[in-house]
Amino acid sequence: MKKNKILVTFLIIFVIISLLLGSYIIYKEYFKDNKCDDPKSEIKKNTNYVVDLVNVKKEPKYVGTCNLDPRKGNIDIKLPKINIDTANAKKLNNLIQTDYKKEYEISSKDETDIAFIDSSYKYVVRNNIIFLYVESTLNIGCGTGSTLHKNYYFDIKNDKILTTEEGFKKAGYSLDDLRTEAYKSWNYQYTCENGEVKTVEESISPWDITFDMCDKNACGCGLKIINENLLIYYVKECA
């Protein structure tokens, strides 16, 4: 009788252990490792939303007339591409290619009339917004050349190209912040009248700057990316 009780006890323990083990295997196999994605969850940060459209570094034959070294040009071109397969992402890529048409065309040529090109870009993604900054310096060899700055803002979740004003707001900046930065970098003109230094009156002041004017400023007006931080910049000369 005693042996039967011991046997029954062992059987009960065995059944309990088997049930627990079976439950664990089912949980691990079908629930724990197969979680459904929450449609409202944040998009993964490690996705490469921006890739190289062009990444070329070479010394093509120089066919211009101003380069100090007539034998070769110095070309370093790196242009971005939004790596998202949607209608507006493609539209933005076409816009970038149009804005930097000269750089894009030269990247595939073996000779050029441009002595020097240095193009690069940076980007950060915050709260599903791509902040993209592109900079290109171009020199035909006759002088110091010119630098073009451009910003692009893209809403990943809503597949939307944002305006400068929308991009600034998404970054936590206002129009007053832009005007303050313009004031800091404003190069005032001065004159001397009767021994007194006076500020030359201009048709525009930093407090008149608008986001629309910022869009038309080719030299520089927008958000630079420095150590993952979005910082306002403004260059008056091209306003």
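Colleague: How do the residues of the lining of the largest pocket divide into nonpolar, polar and charged?

Modeller: In this predicted model, the lining of the largest pocket divides into eight nonpolar, five polar and three charged residues. The pocket holds about 310 Å³ of space, and of its 16 lining residues those closest to the centre are Lys150, Asn151, Tyr152, Thr164 and Asp215.

Colleague: Why is Phe131 called buried?

Modeller: Phe131 has a relative accessibility of 2%, and buried means under 20%, so Phe131 counts as buried. Phe131 lies in strand β6, residues 129–139, and, leaving aside neighbours within four places in sequence, has contacts that include Tyr123, Tyr152, Leu223 and Ile225. The C-alpha atoms of Phe131 and Ile225 are separated by 8.5 Å, although the two residues are 94 residues apart along the chain.

Colleague: What makes Asn93 buried as well, given its relative accessible area?

Modeller: The relative accessible area of Asn93 is 12%, and the cut-off is under 20%, so Asn93 is buried. Asn93 sits in helix α2, residues 87–99, and touches Lys81 and Ile82 when residues up to four places away in sequence are not counted.

Colleague: What makes a set of residues a nonpolar core, and which residues have the most contacts inside the largest one?

Modeller: The residues must be buried, of the listed nonpolar kinds, and joined through side-chain atoms within 4.5 Å. The largest core has 23 residues, and those with the most contacts inside it are Ile82, Ile84, Ile130 and Leu132. Elements giving two or more residues to this core are β1, β3, α2, β5, β6 and β7, and the largest share, four residues, comes from β3. Apart from this core lies another, of 20 residues, among them Phe211, Leu230, Tyr233 and Tyr234.

Colleague: Where is the confidence lowest, and where is it highest?

Modeller: Among the elements, strand β10, residues 196–199, is lowest at a mean pLDDT of 52, and strand β8, residues 160–162, is highest at 97. Over residues 29–46 the pLDDT is below 50, and this stretch has 13 contacts in the model beyond near neighbours in sequence. The protein averages a pLDDT of 78, with 68% of the residues scoring at least 70.

Technical notes
Residues are numbered from 1 along each chain as its sequence is written. This is a predicted model: local features need pLDDT of at least 70, side-chain atom pairs count only at pLDDT 80 or more; totals for chains, interfaces and linings use all residues. Side-chain values use heavy atoms; hydrogens and water are left out. pLDDT is the predictor's confidence in each residue, from 0 to 100. Contact means heavy atoms within 4.5 Å. Buried means under 20% relative accessible area, exposed over 50%, partly exposed in between (1.4 Å probe, protein chains only). On a 1 Å grid over the protein atoms alone, a cavity is a set of points where a 1.4 Å probe fits but cannot get out, and a pocket is an open set with protein on both sides within 12 Å along at least five of seven lines; lining residues have an atom within 4 Å of a point. Grid points are joined across faces, edges and corners, and a volume is the space filled by probe spheres set on the points. Ala, Val, Leu, Ile, Met, Phe, Trp, Tyr, Cys and Pro count as nonpolar, Asp, Glu, Lys and Arg as charged, and the others, Gly among them, as polar.
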